Amino acid sequence: MKILVINSGSSSLKFQVVDPENEKALAKGVCERIGIDGIFNYRTDGGISLKEPVAMPDHKAAVGVLLSMLVDPERGVLKDFSEIDVVGHRLVHGGEKFTGSVVITGEVIQAMTECNDLAPLHNPANLVGVAACRELMPDILMVGVFDTAFNQTMEPKAFLYGLPYRFYEKLKIRRYGFHGISHKYVSRRAAEFMGQDYRRVKTIVCHLGNGASICAVKYGQVVDNSMGFTPLEGLVMGTRCGDVDAGALEYLAKKENLDFQQIMTILNQESGVLGISSNFSSDFRELKDAEIKYNDKAALAREIFVYRVAKYIGSYAAAMNGVDNIVFTAGVGENDSDIREQICEYLEFLGIAIDEVKNREQGEAVSISDGASRVNVLVVKTNEELEIAREAAAVAAQVTENRETKAKGAAHHAE
(Lines give C-alpha, C1' and ligand atoms only; values in the text may rest on other atoms or scores of the structure.)
Protein backbone atom coordinates (compact mmCIF):
# COMPACT_ATOMS: atom_id res chain seq x y z
CA MET A 1 0.00 0.00 0.00
CA LYS A 2 1.07 3.54 -0.81
CA ILE A 3 -0.87 6.58 0.35
CA LEU A 4 -1.00 9.88 -1.51
CA VAL A 5 -1.67 12.80 0.85
CA ILE A 6 -3.18 15.95 -0.68
CA ASN A 7 -3.55 19.37 0.95
CA SER A 8 -5.23 21.67 -1.54
CA GLY A 9 -5.28 25.46 -1.21
CA SER A 10 -6.74 28.15 -3.43
CA SER A 11 -3.58 28.48 -5.56
CA SER A 12 -1.39 25.68 -4.22
CA LEU A 13 -1.47 21.93 -3.74
CA LYS A 14 0.86 20.18 -1.30
CA PHE A 15 1.40 16.45 -1.67
CA GLN A 16 3.26 13.56 -0.12
CA VAL A 17 3.56 9.85 -0.86
CA VAL A 18 3.73 7.79 2.33
CA ASP A 19 4.59 4.11 2.78
CA PRO A 20 2.39 3.14 5.77
CA GLU A 21 4.50 0.08 6.60
CA ASN A 22 7.49 2.16 7.69
CA GLU A 23 5.70 5.56 7.73
CA LYS A 24 8.37 7.10 5.52
CA ALA A 25 7.68 9.85 3.01
CA LEU A 26 8.88 8.53 -0.36
CA ALA A 27 8.26 11.87 -2.07
CA LYS A 28 6.85 15.25 -1.20
CA GLY A 29 6.34 18.61 -2.81
CA VAL A 30 4.03 21.48 -3.62
CA CYS A 31 2.44 22.85 -6.76
CA GLU A 32 2.56 26.62 -6.25
CA ARG A 33 0.92 29.56 -8.01
CA ILE A 34 -1.70 27.39 -9.74
CA GLY A 35 -3.53 29.43 -12.34
CA ILE A 36 -0.82 32.08 -12.29
CA ASP A 37 2.72 31.16 -13.37
CA GLY A 38 3.01 27.62 -11.93
CA ILE A 39 6.03 26.49 -9.89
CA PHE A 40 6.58 22.79 -9.13
CA ASN A 41 8.64 21.79 -6.08
CA TYR A 42 9.52 18.12 -5.62
CA ARG A 43 11.95 15.96 -3.68
CA THR A 44 12.31 12.29 -2.87
CA ASP A 45 13.82 10.26 -0.06
CA GLY A 46 16.41 9.15 -2.60
CA GLY A 47 17.88 12.65 -2.83
CA ILE A 48 16.21 13.96 -5.97
CA SER A 49 15.22 17.60 -5.65
CA LEU A 50 13.86 20.06 -8.17
CA LYS A 51 12.06 23.38 -8.46
CA GLU A 52 10.93 24.43 -11.90
CA PRO A 53 8.26 26.47 -13.68
CA VAL A 54 5.43 24.28 -15.01
CA ALA A 55 2.19 25.40 -16.62
CA MET A 56 -0.63 24.57 -14.20
CA PRO A 57 -3.73 26.50 -15.25
CA ASP A 58 -5.93 24.71 -12.70
CA HIS A 59 -5.85 22.09 -9.94
CA LYS A 60 -6.58 19.25 -12.34
CA ALA A 61 -3.47 20.19 -14.29
CA ALA A 62 -1.47 20.37 -11.02
CA VAL A 63 -2.59 16.87 -10.00
CA GLY A 64 -1.66 15.65 -13.48
CA VAL A 65 1.82 17.14 -13.13
CA LEU A 66 2.49 15.54 -9.74
CA LEU A 67 1.13 12.15 -10.86
CA SER A 68 3.34 12.20 -13.94
CA MET A 69 6.36 12.98 -11.78
CA LEU A 70 5.56 10.20 -9.30
CA VAL A 71 5.75 7.57 -12.09
CA ASP A 72 8.60 9.21 -13.99
CA PRO A 73 11.16 6.44 -14.83
CA GLU A 74 14.12 8.47 -13.58
CA ARG A 75 12.72 10.75 -10.88
CA GLY A 76 9.56 8.99 -9.71
CA VAL A 77 8.94 6.75 -6.69
CA LEU A 78 6.16 4.59 -8.17
CA LYS A 79 6.14 2.16 -11.09
CA ASP A 80 2.46 2.74 -11.75
CA PHE A 81 -0.56 4.61 -10.39
CA SER A 82 -1.95 1.25 -9.23
CA GLU A 83 0.55 1.37 -6.34
CA ILE A 84 -1.55 4.17 -4.81
CA ASP A 85 -4.23 2.44 -2.75
CA VAL A 86 -5.80 5.48 -1.14
CA VAL A 87 -5.66 9.27 -1.34
CA GLY A 88 -5.97 11.13 1.97
CA HIS A 89 -7.27 14.70 1.66
CA ARG A 90 -6.86 17.36 4.34
CA LEU A 91 -10.24 19.00 4.73
CA VAL A 92 -10.44 22.02 7.00
CA HIS A 93 -14.03 22.35 8.20
CA GLY A 94 -16.48 19.52 8.75
CA GLY A 95 -18.77 21.42 11.11
CA GLU A 96 -20.67 19.09 13.45
CA LYS A 97 -21.33 16.64 10.63
CA PHE A 98 -17.95 14.87 10.80
CA THR A 99 -16.37 13.61 14.00
CA GLY A 100 -13.84 11.40 12.24
CA SER A 101 -12.29 10.59 8.87
CA VAL A 102 -14.58 9.29 6.13
CA VAL A 103 -14.65 7.88 2.62
CA ILE A 104 -15.32 10.79 0.28
CA THR A 105 -18.62 10.26 -1.52
CA GLY A 106 -21.02 12.54 -3.30
CA GLU A 107 -22.96 12.87 -0.04
CA VAL A 108 -19.80 13.87 1.84
CA ILE A 109 -18.95 16.48 -0.78
CA GLN A 110 -22.46 17.89 -0.53
CA ALA A 111 -22.22 18.05 3.28
CA MET A 112 -18.85 19.79 3.01
CA THR A 113 -20.22 22.24 0.50
CA GLU A 114 -22.87 23.15 3.06
CA CYS A 115 -20.01 24.03 5.44
CA ASN A 116 -18.40 26.41 2.92
CA ASP A 117 -19.82 29.45 4.70
CA LEU A 118 -17.97 28.36 7.85
CA ALA A 119 -14.59 28.25 6.07
CA PRO A 120 -14.90 30.27 2.83
CA LEU A 121 -11.13 30.51 2.34
CA HIS A 122 -10.42 26.81 2.88
CA ASN A 123 -13.30 24.43 2.15
CA PRO A 124 -13.90 25.43 -1.49
CA ALA A 125 -10.16 25.12 -2.19
CA ASN A 126 -10.07 21.71 -0.50
CA LEU A 127 -12.99 20.54 -2.61
CA VAL A 128 -11.33 21.68 -5.83
CA GLY A 129 -8.41 19.37 -5.00
CA VAL A 130 -10.81 16.51 -4.24
CA ALA A 131 -12.61 17.02 -7.57
CA ALA A 132 -9.33 17.03 -9.50
CA CYS A 133 -8.16 13.78 -7.90
CA ARG A 134 -11.53 12.06 -8.37
CA GLU A 135 -11.49 12.94 -12.05
CA LEU A 136 -7.95 11.74 -12.70
CA MET A 137 -8.04 8.75 -10.33
CA PRO A 138 -11.68 7.62 -10.39
CA ASP A 139 -10.99 4.08 -9.18
CA ILE A 140 -8.85 4.99 -6.16
CA LEU A 141 -10.37 5.29 -2.69
CA MET A 142 -10.52 8.89 -1.44
CA VAL A 143 -10.57 9.64 2.30
CA GLY A 144 -11.32 12.99 3.93
CA VAL A 145 -9.45 13.90 7.13
CA PHE A 146 -10.96 16.92 8.87
CA ASP A 147 -9.01 19.54 10.78
CA THR A 148 -12.02 20.11 13.05
CA ALA A 149 -12.86 16.45 13.77
CA PHE A 150 -10.43 15.91 16.67
CA ASN A 151 -11.95 18.88 18.48
CA GLN A 152 -15.48 17.48 18.33
CA THR A 153 -15.11 15.96 21.82
CA MET A 154 -15.36 19.46 23.33
CA GLU A 155 -18.38 19.77 25.62
CA PRO A 156 -21.03 22.51 25.27
CA LYS A 157 -19.53 24.37 28.23
CA ALA A 158 -16.38 24.79 26.12
CA PHE A 159 -17.79 25.29 22.64
CA LEU A 160 -20.84 27.48 23.19
CA TYR A 161 -20.62 31.26 23.10
CA GLY A 162 -22.64 33.45 25.44
CA LEU A 163 -25.05 34.23 22.61
CA PRO A 164 -28.78 33.43 22.48
CA TYR A 165 -29.04 29.64 22.16
CA ARG A 166 -31.24 29.97 19.09
CA PHE A 167 -28.24 31.06 17.02
CA TYR A 168 -26.51 27.78 17.82
CA GLU A 169 -29.65 25.80 17.02
CA LYS A 170 -30.34 27.63 13.76
CA LEU A 171 -26.89 28.54 12.45
CA LYS A 172 -24.50 26.30 14.44
CA ILE A 173 -22.57 29.31 15.70
CA ARG A 174 -20.14 27.79 18.17
CA ARG A 175 -16.45 27.22 18.74
CA TYR A 176 -15.04 24.48 16.49
CA GLY A 177 -11.30 24.69 17.07
CA PHE A 178 -8.71 24.03 14.36
CA HIS A 179 -5.26 22.47 13.81
CA GLY A 180 -6.87 19.23 15.01
CA ILE A 181 -4.72 17.00 12.78
CA SER A 182 -1.54 18.50 14.24
CA HIS A 183 -2.83 18.47 17.83
CA LYS A 184 -3.79 14.81 17.56
CA TYR A 185 -0.43 13.75 16.13
CA VAL A 186 1.65 15.79 18.57
CA SER A 187 -0.28 14.90 21.74
CA ARG A 188 -0.05 11.18 20.91
CA ARG A 189 3.62 11.39 19.88
CA ALA A 190 4.51 13.17 23.14
CA ALA A 191 2.92 10.41 25.23
CA GLU A 192 4.67 7.78 23.12
CA PHE A 193 8.02 9.55 23.51
CA MET A 194 7.58 9.73 27.30
CA GLY A 195 6.45 6.11 27.56
CA GLN A 196 3.00 7.13 28.82
CA ASP A 197 -0.45 5.71 28.28
CA TYR A 198 -2.10 8.27 25.98
CA ARG A 199 -5.47 7.61 27.59
CA ARG A 200 -4.15 8.48 31.05
CA VAL A 201 -2.30 11.78 30.54
CA LYS A 202 -3.26 15.45 30.35
CA THR A 203 -1.47 17.31 27.58
CA ILE A 204 -1.45 20.92 26.40
CA VAL A 205 -0.24 21.26 22.82
CA CYS A 206 1.03 24.67 21.68
CA HIS A 207 0.89 24.78 17.88
CA LEU A 208 2.76 28.03 17.38
CA GLY A 209 3.32 29.30 13.86
CA ASN A 210 2.00 32.08 11.68
CA GLY A 211 -1.33 30.54 12.55
CA ALA A 212 -1.32 29.50 16.22
CA SER A 213 -3.57 27.57 18.57
CA ILE A 214 -3.45 25.79 21.89
CA CYS A 215 -5.29 22.58 22.62
CA ALA A 216 -6.08 20.86 25.92
CA VAL A 217 -6.13 17.06 25.47
CA LYS A 218 -7.29 15.05 28.47
CA TYR A 219 -7.03 11.27 28.27
CA GLY A 220 -6.91 11.37 24.47
CA GLN A 221 -9.88 13.70 24.00
CA VAL A 222 -10.00 17.44 23.37
CA VAL A 223 -11.31 19.51 26.27
CA ASP A 224 -10.73 22.90 24.66
CA ASN A 225 -9.06 24.63 21.72
CA SER A 226 -8.14 28.31 21.54
CA MET A 227 -9.49 28.81 18.01
CA GLY A 228 -13.22 29.31 17.71
CA PHE A 229 -15.94 29.60 15.07
CA THR A 230 -13.10 30.51 12.71
CA PRO A 231 -9.30 30.37 13.05
CA LEU A 232 -9.38 34.06 13.99
CA GLU A 233 -10.17 33.57 17.68
CA GLY A 234 -7.56 32.85 20.33
CA LEU A 235 -3.90 33.76 20.30
CA VAL A 236 -2.28 36.77 18.68
CA MET A 237 -0.86 35.28 15.47
CA GLY A 238 1.22 36.32 12.50
CA THR A 239 -1.43 38.55 10.92
CA ARG A 240 -4.58 37.58 12.89
CA CYS A 241 -5.59 39.58 15.95
CA GLY A 242 -6.90 36.74 18.11
CA ASP A 243 -9.28 37.59 20.94
CA VAL A 244 -10.75 41.09 20.68
CA ASP A 245 -13.75 42.90 22.15
CA ALA A 246 -16.52 43.13 19.53
CA GLY A 247 -17.41 46.54 20.97
CA ALA A 248 -14.00 47.81 19.96
CA LEU A 249 -14.73 46.75 16.39
CA GLU A 250 -17.98 48.70 16.31
CA TYR A 251 -16.12 51.75 17.65
CA LEU A 252 -13.35 51.30 15.05
CA ALA A 253 -15.86 50.97 12.21
CA LYS A 254 -17.66 54.16 13.19
CA LYS A 255 -14.54 56.25 13.78
CA GLU A 256 -12.74 55.11 10.62
CA ASN A 257 -15.87 54.73 8.45
CA LEU A 258 -15.12 51.08 7.69
CA ASP A 259 -17.54 48.43 6.44
CA PHE A 260 -17.59 44.89 7.80
CA GLN A 261 -15.44 43.44 5.03
CA GLN A 262 -12.76 46.06 5.69
CA ILE A 263 -12.85 45.21 9.39
CA MET A 264 -12.41 41.50 8.62
CA THR A 265 -9.48 42.26 6.35
CA ILE A 266 -7.82 44.20 9.18
CA LEU A 267 -8.47 41.40 11.69
CA ASN A 268 -7.19 38.60 9.45
CA GLN A 269 -4.45 40.18 7.37
CA GLU A 270 -3.20 43.36 9.05
CA SER A 271 -3.20 42.49 12.74
CA GLY A 272 -1.30 40.10 15.02
CA VAL A 273 2.42 40.62 15.42
CA LEU A 274 2.50 42.28 12.01
CA GLY A 275 0.14 45.02 13.17
CA ILE A 276 1.62 45.38 16.64
CA SER A 277 5.10 45.79 15.15
CA SER A 278 3.80 48.64 12.97
CA ASN A 279 3.91 46.45 9.85
CA PHE A 280 7.55 45.50 10.41
CA SER A 281 6.98 41.76 9.90
CA SER A 282 4.75 38.77 10.60
CA ASP A 283 7.85 36.54 10.64
CA PHE A 284 8.93 35.79 14.20
CA ARG A 285 12.55 35.33 13.10
CA GLU A 286 12.65 38.84 11.66
CA LEU A 287 10.98 40.20 14.78
CA LYS A 288 13.63 38.52 16.91
CA ASP A 289 16.44 40.05 14.86
CA ALA A 290 14.76 43.46 15.12
CA GLU A 291 14.30 43.05 18.88
CA ILE A 292 18.03 42.52 19.26
CA LYS A 293 18.52 45.82 17.40
CA TYR A 294 16.23 47.59 19.90
CA ASN A 295 13.11 47.81 17.76
CA ASP A 296 10.64 48.36 20.59
CA LYS A 297 7.52 47.49 18.53
CA ALA A 298 9.06 44.19 17.41
CA ALA A 299 9.93 43.40 21.03
CA LEU A 300 6.40 44.31 22.12
CA ALA A 301 4.87 42.03 19.49
CA ARG A 302 6.85 39.03 20.74
CA GLU A 303 6.14 39.93 24.36
CA ILE A 304 2.38 40.06 23.75
CA PHE A 305 2.50 36.75 21.87
CA VAL A 306 4.35 35.07 24.76
CA TYR A 307 1.97 36.51 27.35
CA ARG A 308 -1.16 35.30 25.53
CA VAL A 309 0.27 31.79 25.10
CA ALA A 310 1.12 31.59 28.80
CA LYS A 311 -2.39 32.76 29.76
CA TYR A 312 -4.02 30.07 27.66
CA ILE A 313 -1.74 27.37 29.05
CA GLY A 314 -2.62 28.42 32.59
CA SER A 315 -6.34 28.39 31.87
CA TYR A 316 -6.17 24.98 30.21
CA ALA A 317 -4.25 23.54 33.14
CA ALA A 318 -7.19 24.68 35.26
CA ALA A 319 -9.75 23.30 32.78
CA MET A 320 -8.16 19.84 33.01
CA ASN A 321 -7.44 20.15 36.74
CA GLY A 322 -3.76 19.56 36.10
CA VAL A 323 -1.32 18.91 33.28
CA ASP A 324 1.32 16.23 32.66
CA ASN A 325 2.82 17.40 29.35
CA ILE A 326 3.22 20.78 27.69
CA VAL A 327 4.32 20.38 24.09
CA PHE A 328 5.59 22.99 21.64
CA THR A 329 5.24 22.39 17.91
CA ALA A 330 4.99 24.08 14.46
CA GLY A 331 7.36 26.68 13.03
CA VAL A 332 7.75 28.98 16.04
CA GLY A 333 7.16 26.33 18.68
CA GLU A 334 9.79 24.01 17.21
CA ASN A 335 12.47 26.56 16.37
CA ASP A 336 12.29 29.57 18.70
CA SER A 337 13.96 28.53 21.95
CA ASP A 338 13.73 32.05 23.38
CA ILE A 339 9.96 32.14 23.05
CA ARG A 340 9.68 28.72 24.69
CA GLU A 341 11.83 29.89 27.58
CA GLN A 342 9.89 33.12 28.04
CA ILE A 343 6.55 31.26 28.03
CA CYS A 344 7.78 28.79 30.62
CA GLU A 345 8.96 31.62 32.91
CA TYR A 346 5.26 32.46 33.41
CA LEU A 347 4.52 28.87 34.37
CA GLU A 348 6.79 28.41 37.36
CA PHE A 349 3.66 28.28 39.56
CA LEU A 350 2.92 24.91 37.91
CA GLY A 351 6.31 23.63 39.01
CA ILE A 352 7.72 23.97 35.50
CA ALA A 353 11.45 24.33 34.99
CA ILE A 354 13.29 23.90 31.71
CA ASP A 355 16.89 22.97 31.03
CA GLU A 356 18.58 25.78 29.05
CA VAL A 357 20.90 23.35 27.28
CA LYS A 358 18.14 20.92 26.30
CA ASN A 359 16.02 23.86 25.16
CA ARG A 360 18.60 24.56 22.45
CA GLU A 361 18.63 20.98 21.16
CA GLN A 362 17.06 19.97 17.84
CA GLY A 363 15.27 16.71 17.12
CA GLU A 364 12.05 15.03 16.10
CA ALA A 365 11.06 14.86 19.76
CA VAL A 366 13.03 16.43 22.64
CA SER A 367 12.33 16.81 26.36
CA ILE A 368 13.46 20.26 27.47
CA SER A 369 12.33 20.18 31.13
CA ASP A 370 14.89 19.58 33.85
CA GLY A 371 14.77 16.83 36.44
CA ALA A 372 13.05 19.01 39.05
CA SER A 373 10.14 20.01 36.81
CA ARG A 374 6.74 18.67 37.91
CA VAL A 375 5.46 18.92 34.32
CA ASN A 376 7.11 17.45 31.24
CA VAL A 377 7.94 20.13 28.66
CA LEU A 378 8.67 18.85 25.16
CA VAL A 379 9.30 19.97 21.62
CA VAL A 380 7.77 17.65 19.01
CA LYS A 381 7.93 18.21 15.26
CA THR A 382 4.42 18.07 13.90
CA ASN A 383 3.68 15.76 10.99
CA GLU A 384 0.19 16.42 9.69
CA GLU A 385 0.83 14.47 6.49
CA LEU A 386 1.71 11.34 8.45
CA GLU A 387 -1.39 11.73 10.62
CA ILE A 388 -3.52 12.08 7.47
CA ALA A 389 -1.87 8.96 6.03
CA ARG A 390 -2.58 7.02 9.23
CA GLU A 391 -6.21 8.10 9.19
CA ALA A 392 -6.55 7.23 5.50
CA ALA A 393 -4.98 3.80 6.07
CA ALA A 394 -7.35 3.10 8.96
CA VAL A 395 -10.41 4.04 6.89
CA ALA A 396 -9.15 1.94 3.97
CA ALA A 397 -8.65 -1.06 6.27
CA GLN A 398 -12.20 -0.65 7.58
CA VAL A 399 -13.57 -0.50 4.04
CA THR A 400 -11.71 -3.71 3.15
CA GLU A 401 -12.95 -5.42 6.30
CA ASN A 402 -16.54 -4.40 5.56
CA ARG A 403 -16.29 -5.72 2.00
CA GLU A 404 -14.89 -9.04 3.20
CA THR A 405 -17.62 -9.36 5.81
CA LYS A 406 -20.31 -8.71 3.20
CA ALA A 407 -18.69 -11.18 0.79
CA LYS A 408 -18.64 -13.88 3.49
CA GLY A 409 -22.24 -13.12 4.36
CA ALA A 410 -23.29 -13.37 0.73
CA ALA A 411 -21.41 -16.66 0.28
CA HIS A 412 -22.99 -18.08 3.44
CA HIS A 413 -26.45 -17.01 2.28
CA ALA A 414 -25.87 -18.66 -1.14
CA GLU A 415 -25.06 -21.93 0.57
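## Basis of the model

The structure is a predicted model, in which local features need pLDDT of at least 70 and side-chain atom pairs count only at pLDDT 80 or more, while totals for chains, interfaces and linings use all residues. Residues are numbered from 1 along each chain as its sequence is written, and side-chain values use heavy atoms, with hydrogens and water left out.

## The six-stranded sheet

Six strands form an open sheet with mixed pairing, in the order β11-β10-β9-β12-β14-β13; helices (H or I, at least four residues) and strands (E, at least two) are DSSP runs numbered from the N terminus, and two strands pair if DSSP finds at least two bridges between them. At the edges stand β11 (221-225) and β13 (365-367), and because each has a single partner strand, one side of each is left without a neighbour in the sheet. Neighbouring strands are turned by 25° against each other on average, direction ignored, where axes are lines fitted to C-alpha atoms, for helices over the stretch in contact, and angles run from 0 to 180 degrees between N-to-C directions.

Within this sheet, β9 (residues 202-208) and β10 (residues 212-218) run antiparallel and are joined by seven bridges, with Cys215 in β10 as the bridge partner of Val205. Helix α13 (residues 337-345) lies across β9, β12 (325-329) and β14 (376-380), and runs at about 150° to β12.

## Two packed helices

Helix α10 (residues 284-292) packs against helix α11 (residues 296-319) at an angle of about 125°, and their axes are 8 Å apart. The two helices are therefore oblique to each other, a word used for angles that are not under 35 degrees (roughly parallel), over 145 (roughly antiparallel) or 65 to 115 (roughly perpendicular).

In contact, meaning heavy atoms within 4.5 Å, Phe284, Leu287, Lys288, Ala290 and Glu291 of α10 meet Ala298, Ala299, Ala301, Arg302 and Phe305 of α11. These residues divide into seven nonpolar, no polar and three charged, where Ala, Val, Leu, Ile, Met, Phe, Trp, Tyr, Cys and Pro count as nonpolar, Asp, Glu, Lys and Arg as charged, and the others, Gly among them, as polar.

## A covered strand and its partners

Strand β6 (residues 84-91) is mostly covered, since seven of its eight residues are buried, that is, under 20% relative accessible area with a 1.4 Å probe and protein chains only.

Strand β1 (residues 2-8) pairs with β6 in the parallel sense over five bridges, and Val86 in β6 is the bridge partner of Ile3. Strand β8 (residues 141-146) also runs parallel to β6, to which six bridges join it, and there Val143 in β8 is the bridge partner of Gly88.

Notes. Buried means under 20% relative accessible area, exposed over 50%, partly exposed in between (1.4 Å probe, protein chains only).
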